[in-house]
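Dear colleague,

Here is the structure for your files. My notes on what was found follow below.

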Amino acid sequence: MNGIKCKKLPKSFYTRGAVTVAKDLIGKVLVHKFDNKILSGIIVETEAYTGKNDPASHSFIGKTKRNGVMFEEGGKSYVYFTYGNHYCFNVVTGKKDRGNAVLIRAVQPLEGIDIMRKNRGTDDMYNLTSGPGKLAQALGIDKKLYAADLTGDIIYLTESGNAGKIRISRSKRIGISKNTEKLYRFFAKDNPYVSKVNIKTLLKNDSR
DNA sequence: CTTTAGATCGGCT
DNA sequence: GCCGATCTAAAGC
């Protein structure tokens, strides 16, 4: 039972382009009902991936078994497993067959913080959800949520009361090697729960 | 404090 | 076989 304004985001929120949705997602709340408990966090960092125009996107190469849900209409979840250890959570956006998605890179823990600590095996608040692999682990997100309906009751996103107060910055994306010039990363300025970025990562993208 | 290397596995270029 | 929309631990300065 989350107190204040918790209006679920409608389907129409998701059927727009990935870049627009990525920006609008900053300050929204990600909710997962896990083991009959509510786990939630305020989204503070996202990245847009725009399908066939975007060599960095998983959907760039066309539809495969792995990325299939990216080609559905916006409003589903795309969860993928990478580097042998990590799940990452994405929101599918745009119209059918566009292959657009937004990677949720960091959230600020809101509800169920004790469970998140247990899931992550640390008590450090700033290390619970400050990265795409970390937040998936903290919120208990895995392959079972692949293609889940984001307007359903298991995993969904809501409005929050104070979204208007957040200042949004943008930058190049992190951890990719193609199409690195695009400013498709959005994050809440000066928020300590944003993923820790080594300046050199951005410089490295820059110089090559 | 900064930097590097290793872990680890599913999907495919 | 190869590589990745990452994270962590441990070595280096």
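In this predicted model, asparagine 90 is in contact (heavy atoms within 4.5 Å) with Lys76, Ser77, Tyr78, Tyr80, Ala101, Val102 and Leu103, leaving aside its neighbours within four places in sequence. Asparagine 90 is found in strand β4; helices (H or I, at least four residues) and strands (E, at least two) are DSSP runs, numbered from the N terminus. Asparagine 90 has 4% relative accessibility and therefore counts as buried (under 20% relative accessible area, 1.4 Å probe, protein chains only).

Residues are numbered from 1 along each chain as its sequence is written, and chains are lettered from A and ligands numbered from 1 in the order in which they are written. Local features need pLDDT of at least 70, side-chain atom pairs count only at pLDDT 80 or more, totals for chains, interfaces and linings use all residues, and side-chain values use heavy atoms, with hydrogens and water left out.

Now the DNA. Around DNA strand C there are 19 residues, of which His58, Tyr80, His86, Asn90 and Arg120 come nearest (a residue is near a strand if one of its heavy atoms lies within 4 Å of it). Of the atoms of DNA strand C that come within 4 Å of the protein, 50% belong to sugar and phosphate.

A polar side-chain atom of histidine 86 lies 2.8 Å from a base oxygen of DNA strand C. Phosphate oxygens of DNA strand C lie 3.3 Å from a polar side-chain atom of arginine 105 and 3.2 Å from a backbone N or O atom of lysine 134. Two or more residues of the surface near DNA strand C come from each of β3 (77-82), β4 (86-93), β5 (100-111) and α4 (132-138); α4 gives the largest share, three residues.

Regards

Terms used
A polar contact is a pair of N or O atoms within 3.5 Å; within protein, one must be able to donate a hydrogen and the other to accept it, and residues adjacent in sequence count only if both atoms are side-chain atoms. Buried means under 20% relative accessible area, exposed over 50%, partly exposed in between (1.4 Å probe, protein chains only).
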